[in-house]
Amino acid sequence: MKFGGYANRIGHVDLTAGSVEYKEIPEDWARKYIGARGLGDRFVFENGPEVDPLSPDNILCFMNGPCTGTAMNMSGRMAIVTKSPLTGGIVDSHHGGWSGARLRWSGFDGLIFKGKASTPVFAYIEDGKLELHDATDLWGKTVHETVKFFQDKFGEKDLSVIAIGPGGENLVKYACWVNEHDRASGRGGTGCVGGSKNLKAVVVKAKKKFPKPANKEAWKPAHDRALATIMDENNVTSPRKGGLSVYGTNVLMNVTSEMGALPARNSQLTSFQENAELMSGEYVKEHILVNDPTCHACPVACKKEVRITDGPFAGLHMESLEYEPAWSLGSNCGNNDVASVAKMIDLANEYGIDAIEIGDVLATYMEATQLGATNGDAGLAWGDYMGMVDIIPKVGKREGIGDLLANGCNAVAEHFGHPEIAMTVKGMGIPAYDPRGLKGMGIGYATSNRGACHLRAYTPASELDLIPNGTDPLAWKGKGELCKTFQDMFSFMDSMDICKFSSFAEGAEEYAAQYSAMVGIEFTADDVMEAGERIYNLERYYNNLAGLGAGSDYLPKRFLEEPSTMPGSEGHVCELDLMLAEYYKARGWVDGVVPEAKLKELAIL
């Protein structure tokens, strides 16, 4: 294969045998599935949908796209793809920083781990080679301790460390891989799969070495056009001027709360009212912000590094106080103490557990306490942030109540006799948008292939007027088609692999032009959407075969039957059935199942 962008090298690691084999990418797969998410999906699909997620037979893929580590704007992403122990379906979870770029600079498009090492190991990658080394002494170490160990061993310069913490080692269902201390592939339990394989870390050492575009003449105008859209002061991405750059992702906290679309107290409410301000990006910038770090090739710098100078968490210095976990551990749990939220996000990263999911789990436990269902246990009250801080390490270690909470929201709700209080889809907890106030998120959550997720189809971009031609957040009509469009484009973006925030400025035409110039395959905007559609349908087909069939696209009844009582969305429920009918028609699916004719149309079969 002689396409631009690719290293055309995948490291296939048999952890049971302790062996490594290097293989090229099948050219047909590169054309159809691009890379990163799409290519990882195909490898996971070929491995079989009936595999036990925690068995040695499951595979764990660390994947780049053909644009990762290039001069393309916001191209510092890596996808971790596997079968999820939380949902039982396919999952891809991405992180930023520098590890994706360094993996490409070291000569790889991806690493695929299978089997189980007899004792803990880490993988070391440099100059096109992968070696396995003993990590017995690191087992039990936190993520921050592990990163420091490798920085001391190999030198901090040009080094990326992707590690699991005690959460992954102890098979917390929503454990994650954390890159460079604080950048997590958070969702779906990929770290749990790593722990099941005795794989403690993936360590990459590489100097900067940008892959060259196949068509240099076409690359410059394509790149310049894309950069100009990101820099445009009318866009939220504009460096030091747009809301995303100035305040980070947490620019949304006040916005969603005021419109009745911010879940509070496990979605019993749709606003955190005056308390939202205390969690907001504006508040963070004024009171605790100390730095704006960025990722490879990114001018936006949405990360917000903070320092706590007083109170019980004085001395904490961490990155980054993002909207999703700030909501999950804040409004979602009735907690308005921003310093405690920073502490808990840092603890989640330290123990290697999803900072969104742990908040959902704690909120479920809190509502069980509210209902008097905690079976004599003292439980956990709304807003008890000291209790929350105490519990998170117990979850990572599976100690006491943490052993139950480590199994996810559904397990907690069922244990206490109230399955209806689990705000999940396909076993995964919701993120920070209430579908009674943002209807597009309702269809997005329900039809996401990896469980409740805002990043499969970020319809709020349209509903919050972050892009041109916005839509009414309280209108359901047209949201099924809108959701499909976002899902298809995001599938392609995740396969290049570039940051989704670029889509606040760029569109399919910009992506097609850059992909064409980098890879050397002529691609149009329509080709972008078709590739994305193919990838999304492959994931859905895998899930269908794995047992997620008809009826698997649902929402918690609370969103369908309990109207919002808060200003902005008062009286509204989510009209899921109407949106599903529209969505399935646009997809050509039958009650969530992909027909054989659609698979053949997209050349999946």
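**Figure 1. Helix 2 and helix 21 are roughly parallel to each other.** In this predicted model, the two helices, spanning residues 36-47 and residues 525-545, pack at an angle of about 30° with their axes 10 Å apart. An angle under 35 degrees counts as roughly parallel, and therefore helix 2 and helix 21 fall in that class. Their crossing is left-handed. From helix 2, the residues R37, G38, D41, R42, V44 and F45 meet I535, Y536, L538, E539, Y541, Y542 and L545 of helix 21. Sorted by class, this contact comprises 8 nonpolar, 1 polar and 4 charged residues.

**Figure 2. Helix 17 packs against helix 19 at an angle of about 60°.** Helix 17 covers residues 439-447 and helix 19 covers residues 479-496, and their axes lie 9 Å apart. That angle makes helix 17 oblique to helix 19. The crossing of helix 17 and helix 19 is right-handed. On the helix 17 side, K439, G440, I443, G444 and T447 take part, and they meet K479, G480, C483 and Q487 in helix 19. The contact of helix 17 with helix 19 holds 2 nonpolar, 5 polar and 2 charged residues.

**Figure 3. Y515 is among the residues that touch the most other members of the largest nonpolar core.** This core has 152 residues, and I34, L321, L362, V395, F492 and M496 join Y515 in touching the most other members. In soluble globular proteins, nonpolar side chains tend to be buried together. Not counting residues up to four places away in sequence, Y515 touches Y6, A30, I34, P66, F492, M496, G520, I521 and F523. Apart from this core lies another, of 22 residues, among them L111, V121, I164 and V193.

**Figure 4. V203 is a buried residue of strand 12.** The strand comprises residues 199-205. V203 has a relative accessible area of 0%, and therefore counts as buried. When neighbours within four places in sequence are left aside, V203 is in contact with F122, A123, Y124, I125, F150, F154, L159, S160 and V161. V203 and L130 are 73 residues apart in sequence, and their C-alpha atoms are 9.5 Å apart in space.

**Figure 5. Cis peptide bonds join E319 to S320 and M496 to D497.** Most residues other than glycine have a negative phi, and most peptide bonds are trans. For the bond between E319 and S320, omega is about 15°. S320 lies in the loop between strand 15 (317-319) and helix 11 (323-328). For the bond between M496 and D497, omega is about 5°. D497 is placed in the loop between helix 19 and helix 20 (508-519). M496 is also one of the residues that touch the most other members of the largest nonpolar core.

**Figure 6. L171 and R398 have positive phi values although neither is a glycine.** The phi of L171 is near 60°. L171 is found in the loop between helix 5 (166-169) and strand 10 (177-179), and counts as partly exposed at 30% relative accessibility. R398 has a phi of about 55°. The loop that contains R398 runs between helix 14 (385-397) and helix 15 (401-405). With a relative accessible area of 22%, R398 is partly exposed.

Key: Residues are numbered from 1 along each chain as its sequence is written. This is a predicted model: local features need pLDDT of at least 70, side-chain atom pairs count only at pLDDT 80 or more; totals for chains, interfaces and linings use all residues. Side-chain values use heavy atoms; hydrogens and water are left out. Axes are lines fitted to C-alpha atoms, for helices over the stretch in contact, and angles run from 0 to 180 degrees between N-to-C directions. Helices (H or I, at least four residues) and strands (E, at least two) are DSSP runs, numbered from the N terminus. Angles under 35 degrees count as roughly parallel, over 145 as roughly antiparallel, 65 to 115 as roughly perpendicular and the rest as oblique. A crossing is left-handed if the near helix is turned anticlockwise from the far one by less than a right angle, and right-handed if clockwise. Contact means heavy atoms within 4.5 Å. Ala, Val, Leu, Ile, Met, Phe, Trp, Tyr, Cys and Pro count as nonpolar, Asp, Glu, Lys and Arg as charged, and the others, Gly among them, as polar. A nonpolar core is a set of buried Ala, Val, Leu, Ile, Met, Phe, Trp, Tyr and Cys residues joined through side-chain atoms within 4.5 Å. Buried means under 20% relative accessible area, exposed over 50%, partly exposed in between (1.4 Å probe, protein chains only).
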